[in-house]
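Happy to walk through this one with you.

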Amino acid sequence: MGSPADRYKSGVMPYAKMGYWDANYEPKDTDVIAVFRITPQDGVDAIEAAAAVAGESSTATWTVVWTDRLTACELYRAKAYRVDPVPGNPGQFFSYIAYDLALFEEGSIANLTASIIGNVFGFKPLKALRLEDMRIPVAYLKTFQGPPTGIVVERERLDKFGRPLLGATTKPKLGLSGKNYGRVVYEALKGGLDFVKDDENINSQQFMHWRDRFLFCMEAVNKAAAATGEVKGHYLNVTAGTMEDMYERADFAKQLGSSIIMIDLVIGYTAIQSISKWARRNDMILHLHRAGHGTYTRQKTHGVSFRVIAKWMRMAGVDHIHAGTIVGKLEGDPNVIKGIYSICRDSFTKKNLEQGVFFDQDWAGLRKIMPVASGGIHAGQMHQLISYLGDDVVLQFGGGTIGHPQGIQAGATANRVALEVMIKARNEGRDIWNEGPQILAEAAKWCSPLNAALQTWKDVTFDYTSTDTADFVPTATAS
Amino acid sequence: MKITQGTFSFLPDLTDKEITAQIQYALDQGWAVSVEYTDDPHPRNYFWEMWGNPMFDLKDASGALTEVLAARKAHPTNYIRVMAFDATLGFETTRLSFIVNRPKDEPGYGLVRQEADGRNIRYTIESYAAKAPEGRRYE
């Protein structure tokens with residue numbers, strides 16, 4: 001690089017030469033590491049592009065500034081240290097960048113993301129940029145509260161073990177009055193669901209103001225609990241235009257004895273962290289609907305992968321997160337979804353390139369998020385859902401409950417019977433992946449709601465090609 | 001009514017053979033099995049009476065079934081459940097819980113509504129059976 005005088009001479013200089021590229025850099029245990037998929041403009045060298053990303057997401061500007069010399073600038077510079085071609089995608093590269101912990105404020109997703117996905121995504125020398133994954137050091141994780149409740153405590157409060165939880169979203173999502181809305185909630189809970197849910201855009205519109213919804217829903221929850229002897233719940237969406245309004249709604253939910261509230265991802269990272277702290281203080285389970293994420297998570301070349309959003313949400317602190325169904329109507333490659341579920345539920349997530357997970361991640365005791373599978377799933381897929389997603393998940397059958405030909409209660413019962421019969425069979429050692437349809441058919445002989453559900457939706461699948469897939473395929477190794 | 005707490009309450013009552021298969025599954029996962037009973041079926045009655053400690057060192061499911069049968073003989077009109085506990089770091093909690101005995105007649109619950117200010121209602125769920133003193137319910 002030459003002498004300091006040369007390095008800080010006024011003018012422009014390649015980012016790689018300014019100290020944002022170091023092929024020999026060994027990341028420290030306390031570094032934040034990000035891996036980006038970069039697509040440089042034609043004629044832009046991959047290493048220079050990676051260095052530019054490191055620069056623009058840490059200390060650099062477009063030209064040399066002498067004021068760097070007033071700081072410990074070598075520490076503050078992010079360092080790109082590795083660039084690999086993306087398998088099977090010419091012109092794209094995975095670039096690994098390490099950031100010193102000194103760059104970040106404790107306990108602030110807003111601060112972390114202002115660096116990592118701040119200016120850099122609009123940077124002209126790149127055609128496209130995607131944040132694929134991050135390694136968050138234990139030292140930084142310990143400054144975050146994490147989920148206010150977590151899977152273990154949620155189950156203990158609900159007194160429900162050994163099976164996925166069952167939910168549904170009230171439909172139609174807009175237009176029902178409070179009283180009609182509460183009717184749907186009561187029928188679904190009494191029929192066998194554990195939870196019913198507000199949809200993301202149910203807030204406080206003219207057809208149903210939020211207080212009315214909360215009051216009628218809690219009548220439904222308590223009436224269904226008395227009818228079944230089970231703990232029941234309804235995710236009351238407290239999303240609103242201001243934080244003050246959100247606190248007011250959350251306080252009312254608490255006053256009414258609700259065990260769970262809900263927020264939308266679009267409220268923003270800081271609002272999520274604020275309501276998370278409120279939820280921890282008030283023994284409230286916090287459900288997150290990932291409204292809006294598809295605008296930046298779905299395309300492989302540009303944006304932020306959902307596995308990174310899931311990591312940020314485990315740090316920010318939510319108890320439920322919609323994380324994909326694999327078999328339903330929304331985007332979800334099996335491998336990618338499994339990686340996201342691991343991020344939500346593991347104590348230690350292992351690196352798994354086929355699942356899009358680039359790093360080992362020690363979760364440092366942060367509580368676990370219950371993933372939620374929702375969107376176009378039905379009872380006839382129960383064996384696939386359990387095989388793919390495991391036990392610690394909320395399976396949400398909205399249309400698959402409310403659209404049942406014999407009514408909402410029957411729809412809920414069909415789902416609950418399908419679930420219990422499949423868990424029982426699996427535990428008995430049966431091969432549910434292959435025998436699933438037969439296990440359901442046997443139960444349908446004594447459970448007419450299940451029979452009707454299977455007849456109604458027997459052929460419904462959503463078999464489209466995924467857009468968000470991992471680029472690593474398993475290779476046979478000589479043994 | 002039929003109280004639907006526990007993992008398999010929407011299915012026909014499990015036979016002793018089916019109970020043994022579930023216990024074997026729990027033991028295969030390394031979980032410790034225990035038996036609990038109660039005559040207070042409130043949804044938030046978390047602490048049922050323990051039929052002895054969890055059987056941490058048990059390897060054979062038929063041994064646990066023996067305890068289920070003994071609890072049933074001693075408390076034939078009570079709710080009895082089998083629980084499986086996982087002491088693994090990150091869990092340290094119950095992983096499976098299912099009812100293996102229930103009263104012949106389950107009168108269910110009343111919902112008491114106390115009208116409060118505004119349109120607020122304070123709800124209380126009361127088991128009809130639990131209005132009698134403990135030990136004299138479901139007779």
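This is a predicted model: local features need pLDDT of at least 70, side-chain atom pairs count only at pLDDT 80 or more; totals for chains, interfaces and linings use all residues.

Q: Which residues of helix 15 of chain A are buried?
A: A residue counts as buried when 20 or more other C-beta atoms lie within 10 Å of its own. In helix 15 of chain A, the residues that pass are A:Met382, A:His383, A:Leu385, A:Ile386, A:Tyr388 and A:Leu389.

Q: How far apart are the end C-alpha atoms of helix 14 of chain A?
A: Helix 14 of chain A has 12 residues (334–345). At 1.5 Å a residue, the helix should span 16 Å, and the model agrees with this. The end C-alpha atoms of helix 14 of chain A are separated by 16 Å.

Q: Which elements of chain A surround the buried residues of helix 14 by packing against them?
A: In helix 14 of chain A, 10 of the 12 residues are buried, so the helix is largely enclosed by the rest of the structure. Among these buried residues are A:Ile337, A:Gly339, A:Tyr341 and A:Arg345. Their packing partners in chain A are helix 7 (150–158), helix 13 (306–316), strand 11 (320–322), strand 12 (348–349), strand 14 (370–374) and helix 15 (382–389).

Q: Which residues have the most contacts inside the largest nonpolar core?
A: In soluble globular proteins, nonpolar side chains tend to be buried together. Here the largest nonpolar core has 148 residues, and helix 17 (residues 408–427) of chain A gives the largest share of this core, 11 residues. The residues with the most contacts inside the core are A:Val53, A:Ala418 and A:Leu450.

Q: Which residues does A:Ala418 touch, leaving aside those up to four places away in sequence?
A: Contact here asks for C-beta atoms within 7 Å. By that test, A:Ala418 touches A:Ala379, A:Met382, A:Leu440, A:Ala443 and A:Leu450.

Q: What radius of gyration does chain A have?
A: Chain A has 19 helices and 15 strands, and its C-alpha atoms fill a box of roughly 80 × 60 × 35 Å along the principal axes. With 479 residues, a compact globule would have a radius of gyration near 23 Å, and chain A agrees with that. The radius of gyration of chain A is 25 Å.

Q: Is A:Asp159 partly exposed or buried?
A: A:Asp159 lies in the loop between helix 7 and strand 5 of chain A, and has a positive phi of about 60° although it is not a glycine. With 16 C-beta neighbours inside 10 Å, A:Asp159 counts as partly exposed.

Q: How far apart are the C-alpha atoms of A:Pro87 and A:Ala364?
A: A:Pro87 sits in the loop between strand 2 (79–85) and strand 3 (93–99) of chain A, while A:Ala364 lies in the loop between strand 13 (361–362) and strand 14 of chain A. The two are 277 residues apart along the chain. Their C-alpha atoms are separated by 32 Å.

Q: What is the omega of the peptide bond from A:Lys171 to A:Pro172?
A: Most residues other than glycine have a negative phi, and most peptide bonds are trans. A:Pro172 is in the loop between strand 5 (165–167) and helix 8 (178–191) of chain A. The bond from A:Lys171 to A:Pro172 is cis, with omega near -5°.

Q: Which element supplies the largest share of the side of chain B that touches chain A?
A: In this complex, 30 residues of chain B are in contact with 28 residues of chain A. Helix 1 (16–28), strand 4 (93–101), strand 5 (109–115) and strand 6 (121–127) of chain B each supply at least two residues of that side of chain B. The largest share, six residues, comes from strand 4 of chain B.

Q: What ipTM does the predictor give the complex?
A: The mean pLDDT of chain B is 96, and 100% of its residues reach 70 or more. For the complex, the predictor gives a pTM of 0.96 and an ipTM of 0.97.

Conventions: Residues are numbered from 1 along each chain as its sequence is written. Chains are lettered from A and ligands numbered from 1 in the order in which they are written. Helices (H or I, at least four residues) and strands (E, at least two) are DSSP runs, numbered from the N terminus. The expected span of a helix is 1.5 Å times one less than its number of residues. Two residues are in contact if their C-beta atoms, placed from the backbone, lie within 7 Å. The radius of gyration is taken over C-alpha atoms; the globule rule is 2.2 Å times the number of residues to the power 0.38. A nonpolar core is a set of buried Ala, Val, Leu, Ile, Met, Phe, Trp, Tyr and Cys residues joined through C-beta atoms within 7 Å. pLDDT is the predictor's confidence in each residue, from 0 to 100.
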